[in-house]
Structures are given as structure tokens and as C-alpha cells.
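Keep the model open while you read.

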Amino acid sequence: MMPVHYKLLNTMNIRRDTADHIISIIVKHRRALFIVCAAFSLAVSLFNDALYLLGGPDAISTKEKPFVMCDRPTPLNYAIHPKMTQQVTYSGEPFVPRWPTQKKLLLLRKDDYLFGHIGNQINSLLHAYDYARDHQLELGTTFHGWVIEAIQFMGYESNDNKELRNEIRNELGITIIRNSTDLVGYDEVIQLSAKDLYFYKSPGDNWESNMNFHIGILRRIFLRYNRALGYAHHGLRAINVCRTIDDLFHGSGSSMKYTVIHSRFMEGRAQFKLNQLAKTSGLTPKGALEMSPKYIRMILKPLGMLEHPIVLFSDGELPSVEEGLLRDPVIGPKLIVLGNKTSLTGPDTALAMLSDVYIGNPASVTSGYIARSRHALGYNEEQTYMFRKEHKDNWISVCNEKCIFNPWVMSTNLV
């Protein structure tokens, strides 16, 4: 009778011989096995792509989550498609920055100076999309110019310029043109400046289609908001857009309820523009211009916001606004004045965008940019106040939240 330990050794030798045999087969046929594995992986990928194309954007499930910016939850829910990263779904609606094009390019050239404030530049950028879509053009820009400056005002900091170029192409639909070689293959190149595009208005009445596209672009930029973890195109560290929120509320910004008032006089131009807007929207100009305590109280009291901080942004040109609010026994103790700001920084803009309540002046393009951004982030018309009309002894909202996108309301020199 064979001892037990011999049986064990025999079994181990058989297993070792079997393992050696399997390894020799793998080594001998490794190329064929590699091809089979690659083919299987490709088949799985093609199956997923086919599933997406046949079944639509919901065929590969993407679970939406609330968008949190600067630690502040926003009303916006979103999901980035796991296989098509250029597609983002917002509340079940997919957005991809693509449109029918010919072999023609709209080149947003580098201007010698920045045109206006950030509101002007963002409007020019969004109008560039309108022009490109209206004329079936691809959209391109130089790397160091106003377009990238406008985008990186709020988002798309990076530590790798090559990766940034790819992201801007895939996620925003803009091709970075590095030199003349990149223009080879286009039948026509059309060059327009920021100022040219600022005054462009799409023909017909398709502004709501443009509005939805603008919202998609703004959202995509905000998803990549800057935290000073990377660099801007000029090589300097990007600005942390959450800085003003952090500085004002000392770490409690995520839960702090607050209002932002944006007062602008613009060397008297605000009065003229508000008079024009009164004709198209029905607002009463003195409301947004004077920002009187009564005007502010009638907005904030029903919302229960008079008990919380109120931040005033002002260009300092109409001292009566600040003085009146400071003297008010209800508003004054809650008022935080950030005055003498003829333009807002990225952190200032983020503070306004993410406020619980925003009271702006539609004569200001930056105020308009903030209002459109808030709409893109899901804030409703009870949280953003731009168009108000005096009615008897009361103030009521006129024109809905889409008015700020409507070029026929805003007129070409405002949107």
C-alpha cells in the first residue's frame, strides 16, 4: 500500500505538470490569445456604442446627481455620459455641443484689447455659437485670446495645455487653432472679433433654441469651475472662484442663506438702457436703478430673507443706494457692502450666481450674465429678480425668467 505522503507528492506533480502544460500553451499561442482578448474587448465596446445609438441616451444608464459649486448645492441635477464624455444630461435632457457643419470655419481671432467686461465677452462667445450654427460653420479660436479668457473666467483651469485643447474641443465644440497648418482643409475661414459678434442677432424667431444651447454651454463651463488647482492659458495660477464666498462666510458658505443686490449706474447709461427696456418688458426703471429699501424689502420679506446677510455690489456712482440701504433699520444691520466695483471678478460673480436671492439691474450686461447663469443652474424666477414693475403701492415681476435671453426684449446692444 502506497504511503499517504507519496500519494500527495504524486498529486502535486500531476498538478504541476498540468500547470506547466497550460503555461506552455499560453506562451506558444500568446499572439492568438491576445487577438481574441482584443476582439472581445472591441466587441463589448461596439455593443455598448450600438446600444447607445439604437436606444438613445438612456440606453446606458447615467445616474444624475446634484451639482455642487463652492460647496453650495444648486438646483441643477446632471450626469456625464460614461462613454460619450462630450454629452451631459441635465434633468433627463442630453446636451452635446454639436451642430451640422460644412468645411468652413468661424475663427474667433485674438483682438488687441478685451471688449468690455465679462458680460460682454460671454455674450460675444454665445453669439459666436449662434453665428456658427446659423451658417453651418465649425468654431475655432486661437489659444491666447479673448475666447479662452472668457471661458477661464469661471472654469477650465488646467495643468496640461494639450489636454485642455482636447477638452475644449470635445466639451465646448471649439477647435484651438495653433498655426496656419491647422487651417488646411477648410474651404473658407471667416474671422470675426468679439465686438462684431456682440451685436449679432440670429435671423427669425429661433431665440429659444439659441437659449437652450447657451444654457448647455454655460453649464458645461460651470461643471469645470476653478479652484486654483491649475493654470490659466497665460501661465498664471487660475483664480479660485469660491474665494469671495469663503472670505465672507468663513467656512460656513455651504449652508449660509444670503441675498446679492447688484446696483449699477454706469455713468448714467443705466437710466437710458432701463428706459429702453421699459418699452420692451414693461419694467419700471427706477426700481432696478434706485434699489430703494422699500423695493428690496418687498422682494425679501415674503421670502423670509430679511433675517439673513444682504450683500451689495455697487459701482459707487449712485451713493444714495448704499446710504439708503445702510440707514434702513431692517436692511442696514444685515448689509455687507462691496462697493466701487465697476466690474466683478470671477469670485464676485460666483458669489452672486450662487446666492439664494439675486436682485439685479438688467441694464448691466454682467448682471444679465449672472441672471442667465442662475437660470442655467436651475434657480427659478422667485430667486432671481430683474424685471419689476411698480403697480399701485406694490412691486410685481413682469416678463418671465426667459426674458433675459430674448434679444427682442433686451435689444441687440444688451444681449
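## The pockets

On a 1 Å grid over the protein atoms alone, a pocket is an open set of points where a 1.4 Å probe fits, with protein on both sides within 12 Å along at least five of seven lines; lining residues have an atom within 4 Å of a point. Grid points are joined across faces, edges and corners, and a volume is the space filled by probe spheres set on them. With that in hand, the second largest pocket holds about 290 Å³ of space. It has 18 lining residues, with H117, N120, M266, R269 and V365 closest to its centre. By class, that lining has six nonpolar (Ala, Val, Leu, Ile, Met, Phe, Trp, Tyr, Cys, Pro), five charged (Asp, Glu, Lys, Arg) and seven polar residues (the others, Gly among them).

The largest pocket has a volume of about 350 Å³. Of its 19 lining residues, E149, Q152, F153, H234 and I239 lie nearest the centre. The lining splits into nine nonpolar, eight polar and two charged residues.

## Two helices that meet

Helices here are DSSP runs of H or I, at least four residues, numbered from the N terminus. The axes (lines fitted to C-alpha atoms over the stretch in contact) of α7 (residues 207-223) and α14 (residues 365-376) come within 9 Å and cross at roughly 85 degrees, on a scale from 0 to 180 degrees between N-to-C directions. α7 and α14 are therefore roughly perpendicular (65 to 115 degrees).

## About the model

This is a predicted model: local features need pLDDT of at least 70, side-chain atom pairs count only at pLDDT 80 or more, and totals for chains, interfaces and linings use all residues. Residues are numbered from 1 along each chain as its sequence is written, and side-chain values use heavy atoms, leaving out hydrogens and water.

Notes. Angles under 35 degrees count as roughly parallel, over 145 as roughly antiparallel, 65 to 115 as roughly perpendicular and the rest as oblique.
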